[in-house]
Amino acid sequence: MLKITDLSARVAGKDILKGVNLEVGAGEVHAIMGPNGSGKSTLAQVLAGREDYEITGGTVTFDGQDLLAMRAEERARAGFFLGFQYPVEIPGVNNVYLLKAALNAKRRAAGEPEVDAYEFLALIRQKMKIMQMSEAFLTRGVNEGFSGGEKKRNEVLQMLVLEPKLAVLDETDSGLDIDALKVVSAGVNTLRDPKRAVVLVTHYQRLLDYIAPDRVHVLSGGRILKSGDASLAQELERRGYDWVSESQVA
Amino acid sequence: MSSKSQEVEALLAQKYRHGFVTDIESDSLPPGLDEGVVAAISKKKNEPQFLLNWRLKAFRHWQTMREPTWAHVHYKPIDYQDISYYSAPRAPANAPKSLDEVDPKLLATYAKLGIPLHERARLAGVAVDAVFDSVSVATTFKDKLGKAGVIFCSFSDAVRDHPQLIERYLGSVVPPGDNYFAALNSAVFSDGSFVYVPPGVRCPMELSTYFRINAAKTGQFERTLIIAAEAASVSYLEGCTAPMRDENQLHAAVVELVALDDAQIKYSTVQNWYPGDENGLGGIFNFVTKRGECRGRNSKISWTQVETGSAITWKYPSCILKGENSIGEFYSVAVANNYQQADTGTKMIHIGRNTRSTIVSKGISAGHAENTYRGLVKVLPSAAGARNFTQCDSLLMGPNCAAHTFPYMEVKNPTATVEHEASTSKIGEDQLFYCLQRGISAEDAVNMIVSGFCKVVFKELPMEFAVEAQNLLSVSLEGAVG
Amino acid sequence: MNTALSPAAPAQSPALRAFAAQWQSRPADALWPVREKALQRFLKLGLPTTHDETWRYTNLRSLAAQSFVDAPRKSRSDIDPEQPLSLLGRTEPSVSLLVVNGHPVMPAAGSLPDGIEICSLRELAGLDPDTLRRFLEPLSDADQQRWALLNTALFLDGLYLKITGTVSVPLLILHVAAGDGADDISYPRIVIDAAPGSSATIFEHHVAQGEHTPLNNSNTHIALGRGARLEHYRVYSTGAGATHLDSLVVRQDQDSHCKQFTIALGGGLVRASLEVRLDKPGASLDSYSLLVGHGDRHVDCVNIVTHGAPNTRSTQTARAIAGDVSRVIFNSKVIVDAGAVNAQSQQSCRGLLMSPTAEIDTRPQLEIHADEVKCAHGATIGRLDPDMLFYMLSRGLDRDTAQSLLVYAFLADVLTGMSVASARASIENALIAQLPDSQTLQKFR
Ligand SMILES: Nc1ncnc2c1ncn2[C@@H]1O[C@H](COP(=O)(O)OP(=O)(O)O)[C@@H](O)[C@H]1O
Ligand SMILES: [Mg+2]
């Protein structure tokens, strides 16, 4: 589904990604771990189409299409979803407006009819139940005044409404208490199916207790240094990231 | 509040500490201004022809100009024919060859002012160029600076020894006809300081100048020019004092800074000209043009000022941000007490791409004073990605003072971000009460609160001067709360 | 015929000569001494120039060459009824008054709701000149009042609205500008006199019809009695060729409250000044400005709010948008007089630049002469936040839609202050029509 080959990128004159290779197949869940500042969010943002990042090399295909040639909104409509590490607050733009606009943009692009207000409300109520969010969130500005945990739930809610083929969730588990973590994981798990894939960027093994990954990768210094199955995450938890860089050198 | 206010009244009575007159012979021109006077100044200083021509051109232009009236200050018209435009302390022989030859009375004057000129200079590692009335008297640490390749000398010496630098840079930031007072200065300036830091050199010490107006009925028109060549850096500090006199004296200086590629200039001022007495009699009119140009890419010019003196201040240290990625900063504390009037602020002109500027202004008004912040942030169409942040706060102490904030924001590039925040309020009664309740005296409490208010600016000053600035502040405000 | 003009008044430019000539045709009524004084002062001061502080960004030099003549007097039948003119839509109960080129078309007796009495200024000048004089004086030399001075001298007629109680429906004053030639000028003048304890909502909507739009030198004077409440709107929707110089003066008595909206949607050159005096304790003002520049329009808004008494409060909220080659200026000043203790003022001004050839200038000023005050202002000028934009794009929204939503959100602080739903809706409609993706936006409201 997603194939990243030798991807390099820089921001503000600084090389951050230095040849990333990664392949994610349909039905799979991958976890990307790695020390702070190693470029995980950069990778996620580059995949989502952020313009401040300059692609200096490599290719990315998504469902056979050249992802890097698409604009951010086209990627979203093609089924790529990014759960932001730091979701921005947009005061004055209603949370529910945004969701509806996003869903309809996607449906239009797919040649499907737009949902009407009634259908939409029914849909969103159902998804909010999964996320255990109160309806009050709908009428507030996008992420406006939300706590860290509420923002993350809102990200997952958007994902559930948009039903992407590939979701990249950037530290969606950070800052969540244990109950919220369960809710968020449950939300992600409802999306698991053989035609979709999920990439989790995380620092913690505990998320992977709820969403079992097929593959685990360590991103460090702008490269994937090591890949393995779920046990790699446990080993990382025990031995730290230094171990990876050392074993790589050895 | 009443017992507090009595206490405070008593404290307020504190007098200007630097008001004494030095009794030395001075060699001055009689009051009056015409082309002959301009020529006489130039001749006294043995100037090359180009400089005389430059002065005369400025003078002729000045004659066509009108004194500006837009500032929020009020004063009786100045009689420009009643001012002496040249007053040099007459030294025993010609110019002093070293500090030892400087008139001991003069050195004593500096000592009284607490200026680190002689021993203290060495200890503090400060090189001082002292301008007494209009002539630069002595410069210390020439040797050490010379080894580093830094030129730091009086403006007159620079005209003699480095005429090509003067010709190239003089007036290149503040053109002679820029404004009324700059034009006047360009015609009659008598001395000042000159700094040139060659490429790649970090100036090994803080440079410093002390200005003092001594003779009666003299104006002071000094000129400062600082050039930081590619990747050079320098920190410069000026201090100002003047004796108590009951007539007003004019100070119209021009300061020009040029920063080439990757260069940095930090210019700090502690201004304590005589502010006049508690009834508003006397004091210096401080009408000064200060401007720096970030000519090269990645260059930086930073102005820090602590303004406690002068009867009237009219002063807007500015930055022209031409070079890509260049940075301009302005940090200011302006205190006005009694009948002082201050109209001060800055201009940040964004021309180059990704230029950035920061303005932090703290105004404190007490007594019957008027304190105005006036600032322009201008983003030209060429300045893509430019950013400015301005914070300007005023503190009012007493019911008869005034505080004004007049910002101008002019933006012609849609990728720029300009932000301005301002507040005006009284010194916090609850803060004051809290301190009093903890047994702190009203005076100390006010000092604490005010210096907290000004902290962001003080921390920009070089260490030695931060303390001095803090002391000045408390002296200026003594008794101002009530 | 008025022949009393002293010949000493110099009138160098064609415009000034034209104004002097207009004066000759004004009736010599009981008010002529004050009006003559106003004219003489205007002629002496001349047209404002960019050297005048509040005119720094607006150059009127081209007006000096024009030989102005009075715009024609027109009746209701001269106004094209097809053009949708009402700001309030058909559903909202409201009362409309028509003013064409400054001349009121008086409504039929009995058609006004309770709590309001009206009379034309011409009538008032005859019946009760002292009342009218209170609204002409004092004359001011201040440069922001320059055109008000001319209006005082030369207005031909206008409306006097006396609010005597609670007016339950919004009142709409529809100003139609419809000239016959390129040199037409009109002097609409409205006086709103709100009695103590009264309350009302009043719209002034400026529109234009026909090929020639007169230079509109309009003036509104509002006096709020003790405890009176007024929500006042002035909305400019004239065409791209129109020049509009509008001055609004508000004087507030104790505990009165004024909510004022200045909304510039149309017009080629719009200069809107607002001068408010909070002269009695407890008076408060909430001012909102929504300034939209597109094409090559020039919108210059000047607010001067003076706190002249203790315990007065004011807020100013301005949102400016400039696209294409337009220029939008927001100039606001809060003055706290000595003795006006516990004055509180807030200014918030945000500007949004949408094109590389547009310009926004703003000057949020404070002039404070008292120490027990809390005054603050914040001003920003910039573009739409790129992080917000990217967030929306990454959810699949069109760039146009995302931008429009953000622009709409940017304006929300002003729009949400409006209490009359239908007016808000039609103002929003007009605004949205000027945004890139108006279709989608319409659906989301
Ligand atoms: N816009 C930017 N400007 C400058 N540096 C950036 C920017 N974005 C990211 N970086 C730098 O890139 C590196 C990688 O950041 P990031 O991808 O956020 O790391 P991670 O998510 O793995 O913690 C960090 O050193 C960060 O400081
Ligand atoms: Mg990250």
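Which strand of chain B is joined to S20(C), and how many bridges join them? I would like to begin there, and to keep in mind throughout that what we are looking at is a predicted model. The answer is strand S22 of chain B, residues 402-411, which is joined to S20(C) by 6 bridges, with the two strands running antiparallel. To pick out one of these pairings, Val411(B) has Ile360(C) as its bridge partner in S20(C).

Let me now step back to the whole contact between chain C and chain B, to which chain C gives 33 residues and chain B gives 32 residues. Between them the two chains bury about 2,600 Å², and 50% of that area lies on carbon and sulfur atoms. If we turn to the polar side of this interface, the rule finds 17 residue pairs in polar contact, counting pairs in which both residues are at pLDDT 80 or more. On the side of chain C that touches chain B, the elements giving two or more residues are strand S20, residues 359-368, and strand S21, residues 373-382, both of chain C. Sorted by class, the residues on that side of chain C are 14 nonpolar, 8 polar and 11 charged. The rule also finds 4 salt bridges across this interface, and there is a salt bridge between the side chains of Glu372(C) and Lys426(B), with a distance of 2.8 Å from N to O.

Now to the other contact of chain C, the one with chain A. Here 18 residues of chain C are in contact with 34 residues of chain A, and the two chains bury about 2,300 Å² between them, 64% of it on carbon and sulfur atoms. Across this interface the rule finds 5 salt bridges, and the side chains of Arg399(C) and Glu51(A) meet in a salt bridge at 3.4 Å, again from N to O. Between chain C and chain A there are 10 residue pairs in polar contact, with both residues at pLDDT 80 or more.

Which elements of chain C supply at least two residues each to the side that touches chain A? They are helix H6, residues 386-393, helix H7, residues 399-415, and helix H9, residues 438-444. The largest share of that side, 6 residues, comes from H6(C), and by class the side as a whole has 10 nonpolar, 2 polar and 6 charged residues.

To close, then, chain C meets chain B with elements that include strands S20 and S21, while helices H6, H7 and H9 of chain C contribute to the side that touches chain A.

Key. Residues are numbered from 1 along each chain as its sequence is written. Chains are lettered from A and ligands numbered from 1 in the order in which they are written. This is a predicted model: local features need pLDDT of at least 70, side-chain atom pairs count only at pLDDT 80 or more; totals for chains, interfaces and linings use all residues. Side-chain values use heavy atoms; hydrogens and water are left out. Contact means heavy atoms within 4.5 Å. Buried area is the accessible area (1.4 Å probe) that two parts lose on being put together, summed over both. A polar contact is a pair of N or O atoms within 3.5 Å; within protein, one must be able to donate a hydrogen and the other to accept it, and residues adjacent in sequence count only if both atoms are side-chain atoms. Helices (H or I, at least four residues) and strands (E, at least two) are DSSP runs, numbered from the N terminus. Ala, Val, Leu, Ile, Met, Phe, Trp, Tyr, Cys and Pro count as nonpolar, Asp, Glu, Lys and Arg as charged, and the others, Gly among them, as polar. Two strands pair if DSSP finds at least two bridges between them.
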